[in-house]
Amino acid sequence: MEDHPVKIPQHRHCRKCGRAFVGEGDYCCEECKQQDGAAAKKKIRRYMLFIAVVWIVTIAAVIIIGV
Ligand SMILES: [Zn+2]
C-alpha cells in the first residue's frame, strides 16, 4: 500500500476578495482585478488631493505670515 501525501496545489489568495485560486497574478478573476485597480486609482487620487491641499495650506500660511 502506497502512501501518497496529499498534494495541495500551489495557490494564491485574491488581493481583492481573499479567495484562494490557482493561477498567475494577484486576483482570482478579471472582475476583482479591475475593481481593485479602480479602488487603488481612487486611493492615489485622494492622496494626491491631500498633498495638494497640504501644499496650498502651507503656501497660504507662508503668504499670510510672510506679509
Ligand atoms: Zn477575487
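Four cysteines hold the zinc ion: Cys-14, Cys-17, Cys-28 and Cys-32 each coordinate it through SG, at 2.3 to 2.4 Å. This is a predicted model, in which local features need pLDDT of at least 70, side-chain atom pairs count only at pLDDT 80 or more, and totals for chains, interfaces and linings use all residues. Residues are numbered from 1 along each chain as its sequence is written, and side-chain values use heavy atoms, with hydrogens and water left out.

**Zinc site**

- Donors are N, O and S atoms within 2.8 Å of the metal (3.2 Å for Na, K and Ca); water is not among the atoms, so sites may look incomplete.
- The 4 donor atoms subtend angles of 103 to 116 degrees around the zinc ion, which makes the arrangement tetrahedral.
- Four donors count as tetrahedral if all angles lie between 85 and 135 degrees.
- The ideal angle for four tetrahedral donors is 109.5 degrees.
- Along the chain, the zinc donors follow the spacing C-x2-C-x10-C-x3-C.
- Cys-14 sits in the loop between β1 (12–13) and β2 (20–21), and Cys-28 in the loop between β2 and α1, so this pair ties together parts 14 residues apart in sequence.
- Strands (E, at least two residues) and helices (H or I, at least four) are DSSP runs, numbered from the N terminus.
- Cys-14 counts as buried because its relative accessibility is 4%.
- Buried means under 20% relative accessible area, exposed over 50%, and partly exposed in between (1.4 Å probe, protein chains only).

**Salt bridges**

- The whole structure has 2 salt bridges, each defined as a side-chain nitrogen of Lys or Arg within 4 Å of a carboxyl oxygen of Asp or Glu.
- One joins the side chains of Glu-24 and Arg-12, at 3.9 Å from N to O.
- Glu-24 lies in the loop between β2 and α1 and Arg-12 in strand β1, so the pair ties together parts 12 residues apart in sequence.
- Glu-24 is exposed at 70% relative accessibility, while Arg-12 is partly exposed at 35%.
- Another joins the side chains of Asp-26 and Arg-15, at 3.5 Å from N to O.
- This pair links distant parts of the chain, 11 residues apart: Asp-26 is in the loop between β2 and α1, and Arg-15 in the loop between β1 and β2.
- Asp-26 is partly exposed at 38%, whereas Arg-15 is exposed at 56%.

**Helix α1**

- Helix α1 covers residues 30–66, which is 37 residues.
- From first C-alpha to last, α1 reaches 53 Å, close to the expected 54 Å.
- The expected span is 1.5 Å times one less than the number of residues.
- Helix α1 is hardly covered: 2 of its 37 residues are buried.

Technical notes
Tetrahedral: all angles 85-135°; square planar, octahedral: opposite > 155°, others 65-115°.
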